[in-house]
Amino acid sequence: MEKEKKKLIVDGKRVNGRGFDDLRPLKVTAGVLKRADGSAMIEWGRNKVLAAVYGPREVFPKHLSDVKKAIINCRYSMAPFSGMEEHGRSGPNRRAIEIGKVAKHVFENAVLTHQFPKTQIDISMEVLQSDGGTRVAAITAASVALADAGIPMRDLVQGVSIGRVEGQLIVDLDKYEDNLGEADVPLIVSLRSKEVLLFQQDGRISREELQKMFELGFKGAELVRDVQVQALRQRYFETGDELNNHG
Ligand code: CDP
């Protein structure tokens, strides 16, 4: 089959030139939108994702509100021009709904929702360009957008995808590696609590591999976190913009 023929590792290196643990170049910019309460743009390799946060605000329709905490809505969408694949009709497809759902779970475990009862927090993640790992990139950007909106969280969350190609574990898969590799595992973690907040699995992996994948994931997340923190520093200390205050 075509899948077996293509080589992803040649002479002990990934064909994209990266070492096994190397992440693609990563840049995060916080506060890129004026109308949103918080926003961030992430450029990660060839991925470009814009995340925006609106809220906390009154719940609509009202009967959905929770007297104990804020409800979190997450929308992930891919622009029709964002990828190389056919997207068919516009609107959310099954994959986009799934990613919105897993992102919602991540933020329900990260945001201090009990501080904002009877409100909703809307998080939009718009993929403008994609090249593998967009869910991890989108959630990483959304976390910065939440911080930009001044919404308190247990931790600034982030992650990276880990995979196996030709028997070798690699970090931060591009689309080619994601599609042709043997396994891929997107991870989102909280470094503070050492918790895994998102774990999905495509392909078979052994228990030992999973352990190693978590180690690589936490290591990669530290690099991602540095970039997120730098983006927030830049936003507040260098531009002098006011912090949105929902307290
Ligand atoms: O992006 P992520 O790795 O989180 O999700 P995926 O479903 O594993 O998709 C891998 C990659 O395939 C995406 O990053 C896109 O580059 C591409 N893709 C696409 O172009 N169009 C789609 N409808 C789905 C995926």
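In the predicted model, 21 salt bridges are counted, a salt bridge being a side-chain nitrogen of Lys or Arg within 4 Å of a carboxyl oxygen of Asp or Glu. The model is a prediction in which local features need pLDDT of at least 70 and side-chain atom pairs count only at pLDDT 80 or more, whereas totals for chains, interfaces and linings use all residues. Residues are numbered from 1 along each chain as its sequence is written, and side-chain values use heavy atoms, with hydrogens and water left out.

One of the salt bridges joins aspartate 131 to arginine 24, with 3.8 Å between the closest N and O atoms. Aspartate 131 lies in the loop between strand E7 (119-129) and H3, and arginine 24 in the loop between strand E2 (13-14) and strand E3 (26-30), so the pair ties together parts that are 107 residues apart in sequence; helices (H or I, at least four residues) and strands (E, at least two) are DSSP runs, numbered from the N terminus. Aspartate 131 is buried at 8% relative accessible area, and arginine 24 is likewise buried at 7%, where buried means under 20% relative accessible area, exposed over 50%, and partly exposed in between (1.4 Å probe, protein chains only). Both residues belong to a network of salt bridges that links Arg14, Arg18, Arg24, Arg46, Asp131, Asp172 and Glu177.

A further salt bridge, between aspartate 155 and arginine 225, has its closest N and O atoms 2.8 Å apart. Aspartate 155 is in the loop between H3 and strand E8 (158-165) and arginine 225 in helix H5 (residues 207-238), so this pair connects parts that are 70 residues apart in sequence. Aspartate 155 is buried, with a relative accessible area of 5%, whereas arginine 225 is partly exposed at 24%.

Around the ligand there are 14 residues, of which Arg95, Gly132, Gly133, Thr134 and Arg135 come nearest, a residue being near if one of its heavy atoms lies within 4 Å. Helix H3 (134-148) and helix H4 (175-180) each supply at least two residues of this shell. An oxygen atom of the ligand lies 3.0 Å from a polar side-chain atom of serine 130, and backbone N or O atoms of aspartate 131 and glycine 133 lie 3.5 Å and 2.8 Å, respectively, from an oxygen atom of the ligand. Taken alone, the ligand exposes 500 Å², and the protein buries 87% of that area (Shrake-Rupley method, 1.4 Å probe).

Note on methods. A polar contact is a pair of N or O atoms within 3.5 Å; within protein, one must be able to donate a hydrogen and the other to accept it, and residues adjacent in sequence count only if both atoms are side-chain atoms.
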